[in-house]
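Reader: Could you walk me through this one before I set anything up?

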Amino acid sequence: MTELSIATGEARTRRREVSMADVAAAAGVSGQTVSRVANGRANVDPATRERVVAAMQKLGYRPNSAARALRSGRFRNIGVIMFSLSSYGNTRTLDAVARVADEAGYSLTLITVASATQSDVAGAFVRLSEHAVDGVVILIEKHRLGEAEIELPTGLPVVVVDSRAEYVYPVVDNDQALGARLATEHLLDLGHETVWHISGPLESYAAERRRVAWWETLRGRGAPTPEVLVGDWTADAGHRLGARLATDPVVTAIFAANDQMALGVLRALHEAGRAVPGEISVVGFDDTPEAANFWPPLTTVRQDFERVGASAIRSLLAEIEGEVSAERVVVPTELIVRESSGPRR
């Protein structure tokens, strides 16, 4: 388990604790005025506030968070539990969470867990309680988080991101099923008899929702349903599985569950001498920043990770303020058509 505190404001060190009295003396104001500025009160003259803030910055003063929490009931700190920092979607979502938290005056304490077991998740909550957080955002998509034995501790506001699990907490996610359906329908509409699918890991909720939507779309259109090839989100997996599909002349359309695997597929097809999109069309999922610069530029499904992260932290802040809601927020996905997909020859 890895633990990392993220100060969403400017970090600064100091040799000794600077007191509120030190700031008051430097700014030529009363301690009460410094207290009002430190707690964000509005009843301070702008010029005076500027002078107090300047004194705080010069002296390296930071309000005592524990004392402030006793007065306000808030620690101004949000906990985040994540399964992985290597996932493109997770890092983009975390970036949005940090940005909105900063705008609201909150810091983040981040804990990554090795697996989504009861002990790891419970241990992460224990660590977060030691850091005195006001609420928790969970970014874990593994199936095991949805199992009955996984119980989230009560007493803290919680928002779950990218999970199908039925919790009493708000859940925020991109519309995975819509994206997979759009990708599959796009290829069928181009005249392809069916669509082969390279799925993400079986234990991933996101991969499952894309895989099921792909299958249901083929069935709904009366198209054959090929065997699913299971990857691990990496370009290497896409290359390995793409090489298998490249040897089959019947294959004319491939939907990869993320852009990295689609990249590997494109390489495998090029190596096999299969023209894209002349012989085989390829569609990915995510719309990573590099997707438009693949060769050919990749048709893919765009996920709005920024909106998901922002919605998650705003839902959590609302809960912290007492606006309890267990609603599910589903952010629409969008098909981005580029040159890697074309009509069946």
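This is a predicted model: local features need pLDDT of at least 70, side-chain atom pairs count only at pLDDT 80 or more; totals for chains, interfaces and linings use all residues.

Reader: How many helices and strands are in the chain?

Author: The chain holds eleven helices and 13 strands.

Reader: What is the strand order in the open sheet of four strands?

Author: Reading across that open sheet, the order is β8-β7-β9-β10, and the pairing is parallel. The edges are taken by β8 (229-230) and β10 (281-283), and since each of these has a single partner strand, one side of each is left without a neighbour in the sheet.

Reader: And how many bridges pair β7 with β9?

Author: Strand β7, covering residues 196-199, pairs with strand β9, covering residues 253-256, in the parallel sense over three bridges. Within that pairing, H197 stands opposite F255 in β9.

Reader: Which helix lies across β7 and β9?

Author: That is helix α8, made of residues 205-220, and it runs at about 170° to β7. Helix α9 (residues 235-246) also packs on the sheet, where it touches β7, β8 and β9, and its direction makes about 160° with that of β7.

Reader: Switching topic, what percentage of the residues count as buried?

Author: Of the chain's 345 residues, 50% count as buried. The chain exposes about 16000 Å², of which carbon and sulfur atoms supply 51%.

Reader: Last one: what share of the contacts comes from residues 24 or more positions apart?

Author: Taking the contacts in the chain with a separation of 6 or more, residues 24 or more positions apart account for 72%.

Note on methods. Residues are numbered from 1 along each chain as its sequence is written. Side-chain values use heavy atoms; hydrogens and water are left out. Two strands pair if DSSP finds at least two bridges between them. Helices (H or I, at least four residues) and strands (E, at least two) are DSSP runs, numbered from the N terminus. Contact means heavy atoms within 4.5 Å. Axes are lines fitted to C-alpha atoms, for helices over the stretch in contact, and angles run from 0 to 180 degrees between N-to-C directions. Buried means under 20% relative accessible area, exposed over 50%, partly exposed in between (1.4 Å probe, protein chains only). Accessible areas come from the Shrake-Rupley method with a 1.4 Å probe; for residues, only the protein chains shown count as cover.
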